[in-house]
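Please read these notes with the model open beside you. Each point takes up one part of the fold.

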Amino acid sequence: MGPDPAVAAVRLAVRRVLAGLPQGGVVLAACSGGADSLALAGALAFEAPRAGRSAGGITIDHGLQDGSDQRADAVVRTMVDLGLDPAGSIAVTVDGAGGPENAARDARYAALDGAAHQMGATAVLLGHTQDDQAETVLLGLARGSGARSLSGMPASFRRSEGVRYLRPLLELDRVTTRRACKAMGLDPWDDPHNIDPAYARVRVRHEALPALEKALGPGVAQALARTARMLRDDADALDEMASRAYSDLETSEDGCNVAVRLDGLEGLPRAVRTRVLRMAAVKAGSPPGTLAAVHIDAVDRLVTAWHGQRHVDLPGGLRAFRRSGKLLFGPV
């Protein structure tokens, strides 16, 4: 008799990503102790030796709750019992701009980057599921975001040279990961932050998605995740077009950080042109996290609806303005 179907599904997802990695180096599971990442860790511990790979695990202690260090130690013991080696925890300080969720995310990824380099890891596996993807898409819709944001979380991405992050479980739901944990004899930890309505994602999870399921019928999360996959393909293609256009149009101007020729901008499709403008603004020094659609729309009017307006102020102490057939980005 084979494994429980949920265990088989999680193992298959991990097996597929391992098969796509180059040989050599450790593969790490980022494990919080919750059902999703714990099922991931269990599957990695099973599949890695069969693929001839070394596998370890890392948990991050955000220090946001009493006893978090003890919880982290318990997660490490569980990873060791599963056979993950090396396995350890890293304590981080959560502070910074963008709210507690963003600050915790930034601290977590910085710690994972450091651990991956220290352990010689070539990949870090993350336990995000189809439900997480659906929540991300809904949050993007509520903010009025564009295709890149609505395309959700990528299955694979890089943050630093040599370290690849992978999300093997994006096609699986939380019911599957929780069932897999039970079948593997693993006891997941339920983070109280995951039921705290102070967080927008929690409200989406426990209020918005159930309401949509009630109104529209089952399958909403799967449909949102499917939409994200299709939009990601579109966004990738548009970004590639915009990158080529930017390379063709970039020029120089004394006293400015970035200059782009106007003669080729106006004729571009809006979806490509606004991406070029965002690339230019970011390269000039405007912080991506605070550079919003309203800023790019205003810069776009300098290109397509210019009536002598002087400049557009941008985050980061920059401004965009026209001069001598160029769109310029420079300090205020």
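1. Start with a loop. Pro86 sits in the loop between α3 (68-82) and β3 (87-91). Helices (H or I, at least four residues) and strands (E, at least two) are DSSP runs, numbered from the N terminus. The peptide bond joining Asp85 and Pro86 is cis, with omega about 10°. Most peptide bonds are trans.

2. A word on the model. It is predicted, so local features need pLDDT of at least 70 and side-chain atom pairs count only at pLDDT 80 or more, while totals for chains, interfaces and linings use all residues. Residues are numbered from 1 along each chain as its sequence is written, and side-chain values use heavy atoms, with hydrogens and water left out.

3. Look at another loop. Ser324 lies between β10 and β11. Its phi is near 55°, a positive value in a residue other than glycine. Most residues other than glycine have a negative phi.

4. Now the sheet. It is open, with 5 strands in the order β7-β8-β11-β10-β9 and antiparallel pairing. β9 and β10 (residues 318-323) pair over 3 bridges. Asp313 stands opposite Arg319 in β10.

5. Helices cover this sheet. Helix α10 (residues 270-284) packs on it and touches β7, β8, β9, β10 and β11 (326-331). The direction of α10 makes about 30° with that of β11. α9 lies across β7 and β8 (258-261), at about 95° to β8. Axes are lines fitted to C-alpha atoms, for helices over the stretch in contact, and angles run from 0 to 180 degrees between N-to-C directions.

6. Check two helix pairs. The axes of α1 (residues 5-19) and α7 (residues 174-183) come within 8 Å and cross at roughly 110°. These two are therefore roughly perpendicular. (Under 35 degrees is roughly parallel, over 145 roughly antiparallel, 65 to 115 roughly perpendicular, and the rest oblique.) Among the α1 residues that meet α7 are Pro5 and Val10; Arg179 is one of their α7 counterparts. Contact means heavy atoms within 4.5 Å. The contact of α1 with α7 has 7 nonpolar, 1 polar and 1 charged residues. (Ala, Val, Leu, Ile, Met, Phe, Trp, Tyr, Cys and Pro count as nonpolar, Asp, Glu, Lys and Arg as charged, and the others, Gly among them, as polar.)

7. The second pair is α5 (residues 130-143) and α8 (residues 200-216), with axes 10 Å apart at about 95°. They too are therefore roughly perpendicular. The contact of α5 with α8 has 7 nonpolar, 1 polar and 4 charged residues.

8. Finish at the second largest pocket. How many residues line it? There are 21, and Ala155, Arg167, Pro168, Leu170 and Glu171 lie nearest its centre. The largest share of the lining, 5 residues, comes from α1. The lining divides into 12 nonpolar, 3 polar and 6 charged residues. (On a 1 Å grid over the protein atoms alone, a pocket is an open set of points where a 1.4 Å probe fits, with protein on both sides within 12 Å along at least five of seven lines; lining residues have an atom within 4 Å of a point.)

Terms used:
Pairing = 2+ DSSP bridges.
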